[in-house]
Amino acid sequence: MLPRHLYVHVPFCGRRCVYCDFSIAVRREVPVDEFAAAVGSELAIRQLSAAPIELDTLYLGGGTPSRLGGDGVAQLIDMIRDAVALAPGAEVTIEANPDDVTPAAAARWRAAGVNRLSLGAQSFDDAVLIWMHRTHDAEAIRCAVDAARQAGIDNLSLDLIFALPQQLGRSWEADLSRALELSPEHVSLYGLTIEPQTPLGRAHRRGQVVDAPDERYEREFLEAHDMLGAAGFEHYEVSNYGLASRHSRHNAAYWSGAAYLGVGPSAHGFDGDIRRWNRTAYADWLRALSARSDPIQGDETLTADNRSAEVVYLGLRTSRGVVLEESELAHVAPWIDAGWAVIDGSRRLVLTPRGWLRLDALSADLTAFRSRY
Ligand code: SF4
């Protein structure tokens with residue numbers, strides 16, 4: 001299958017957030033020319049067939065793609081358009097930190113084809129943002145939304161993090177309300193996880209930070225489901241809420257098992273059979289491309305068991321669900337009784353928000369059950 005989706009990992013960040021274990025390159029000055037040229041080189045390597053690739057979605061993620069600036073993002077998109085075509089109506093998303101979204105930058109991005117902005121808001125509490133080591137404050141979020149709207153970007157997503165340590169005294173309800181006041185079309189929520197190799201992980205080991213108990217994680221997740229649902233958002237994937245027709249088309253492609261290209265350090269790609277991933281460190285990725293070699297670090301061919309597990313996991317994490325066999329109905333009956341799932345008239349099993357809180361365990365259970373028959 002020819003890919004119709006492209007992810008470009010832009011690794012640059014101004015500094016590392018306290019909880020972040022992503023592959024990033026901390027840079028005061030972003031090497032725009034070097035990076036755009038390297039993306040062009042990798043796209044030339046990834047041209048898998050003589051047939052031209054036409055994209056339904058392009059996603060600039062990171063890292064912080066907005067640190068490329070107005071002209072830098074336009075330069076990168078021009079480089080991408082030299083290698084692949086964008087289909088009419090293609091969704092073009094950029095992830096941005098609020099303090100990078102100036103009126104001039106937003107206008108330049110829009111002119112270059114960006115029509116969706118994913119804003120890393122995380123919280124509207126300035127003390128929390130300082131604790132996170134973010135580079136923006138709450139006022140910068142409002143200014144960024146204004147700038148995006150003025151530039152004509154009418155598809156805007158806000159990222160928020162929940163289940164923060166109790167000691168921060170953060171009001172989750174207040175943050176959700178502040179987010180809704182900005183009238184986004186989409187909201188993504190992530191529960192804080194304390195990764196061992198991060199500054200937060202080290203503080204946790206020293207006993208300076210206590211993670212949120214499971215009850216609060218669940219309470220905040222369900223509170224968000226209720227508040228966003230009341231505001232007209234569809235909870236269409238475990239972490240994602242969108243107004244009708246404003247669901248992320250790019251991420252939906254991942255969850256449907258579609259083929260996609262991934263370029264940039266640590267980026268993953270999938271051709272329908274083989275999943276591949278790039279070298280993680282920016283310098284390693286760049287060195288490979290400078291030597292005209294493929295920056296791939298590894299790949300795996302999906303087995304029948306892998307595929308079966310993915311069908312279950314990808315289906316259950318979305319409101320699309322999974323179609324059951326007749327013989328599976330009795331197995332999941334306790335899930336229905338517990339309020340973790342529902343089954344529609346087409347034998348489609350869909351998890352409820354309470355079920356999504358148990359997504360990994362329920363997916364593993366159904367996968368194991370299927371493997372026995
Ligand atoms: S902006 Fe995002 S990618 Fe960069 S350090 Fe913070 S969390 Fe990590």
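**Questions on a predicted model**

User: In which loop is Gly63 found?

Analyst: Elements here are DSSP runs numbered from the N terminus, with helices (H or I) of at least four residues and strands (E) of at least two. By that division, Gly63 is found in the loop between β4 and α2 (69-83).

User: What is the omega of the peptide bond from Gly62 to Gly63?

Analyst: The model is predicted, so local features need pLDDT of at least 70 and side-chain atom pairs count only at pLDDT 80 or more, while totals for chains, interfaces and linings use all residues. Residues are numbered from 1 along each chain as its sequence is written, and side-chain values use heavy atoms, with hydrogens and water left out. The bond from Gly62 to Gly63 is cis, with omega near 20°.

User: How does the shell around the ligand divide by class?

Analyst: The ligand is surrounded by residues including Cys13, Arg15, Arg16, Cys17, Gly63, Asn97 and Arg134. Ala, Val, Leu, Ile, Met, Phe, Trp, Tyr, Cys and Pro count as nonpolar, Asp, Glu, Lys and Arg as charged, and the others, Gly among them, as polar. The shell then has 6 nonpolar, 3 polar and 3 charged residues.

User: Is Arg46 buried or exposed?

Analyst: Arg46 is found in helix α1. Contact means heavy atoms within 4.5 Å, and Arg46 touches Leu261, Gly262, Val263, Arg276, Asn278, Asp294, Pro295 and Ile296, not counting residues up to four places away in sequence. Buried means under 20% relative accessible area, exposed over 50%, and partly exposed in between, using a 1.4 Å probe and protein chains only. Because its relative accessible area is 5%, Arg46 is buried.

User: How does Gln47 count by relative accessibility?

Analyst: Gln47 lies in the loop between α1 (32-46) and β4 (54-62). Leaving aside residues up to four places away in sequence, Gln47 touches Ile53, Ala83 and Val84. Its relative accessibility is 28%, so Gln47 counts as partly exposed.

User: Which residues does Ala38 contact, leaving aside its neighbours within four places in sequence?

Analyst: Ala38 is in helix α1 and counts as buried because its relative accessibility is 5%. With those neighbours left aside, its contacts are Trp285, Leu286 and Leu289.

User: Which residues of the largest nonpolar core touch the most other members?

Analyst: A nonpolar core is a set of buried Ala, Val, Leu, Ile, Met, Phe, Trp, Tyr and Cys residues joined through side-chain atoms within 4.5 Å. The largest one has 84 residues. Those that touch the most other members are Leu6, Val8, Phe35, Leu76, Ile80 and Leu117.

User: Which element gives the largest share of the lining of the second largest pocket?

Analyst: On a 1 Å grid over the protein atoms alone, a pocket is an open set of points where a 1.4 Å probe fits, with protein on both sides within 12 Å along at least five of seven lines, and lining residues have an atom within 4 Å of a point. The second largest pocket is lined by 18 residues, of which Ser256, Gly257, Glu310, Val311 and Leu314 lie nearest its centre. The elements giving two or more residues to this lining are α9 (249-256), α11 (304-316) and β15 (322-323). The largest share, 5 residues, comes from α11.

User: About how much space lies in the second largest pocket?

Analyst: Its lining divides into 8 nonpolar, 5 polar and 5 charged residues. Grid points are joined across faces, edges and corners, and a volume is the space filled by probe spheres set on the points. For the second largest pocket, this space is about 250 Å³.

User: What is the phi of His133?

Analyst: His133 sits in the loop between α4 (126-132) and α5 (138-150). With 36% relative accessibility, His133 counts as partly exposed. In this residue other than glycine, phi has a positive value, near 70°.

User: How far apart in space are Asp365 and His331, C-alpha to C-alpha?

Analyst: Asp365 is in helix α14 (residues 359-371) and is partly exposed at 32% relative accessibility. Asp365 touches His331 and Trp335, not counting residues up to four places away in sequence. Asp365 and His331 are 34 residues apart in sequence, and their C-alpha to C-alpha separation is 9.6 Å.

Terms used: Near = heavy atom within 4 Å.
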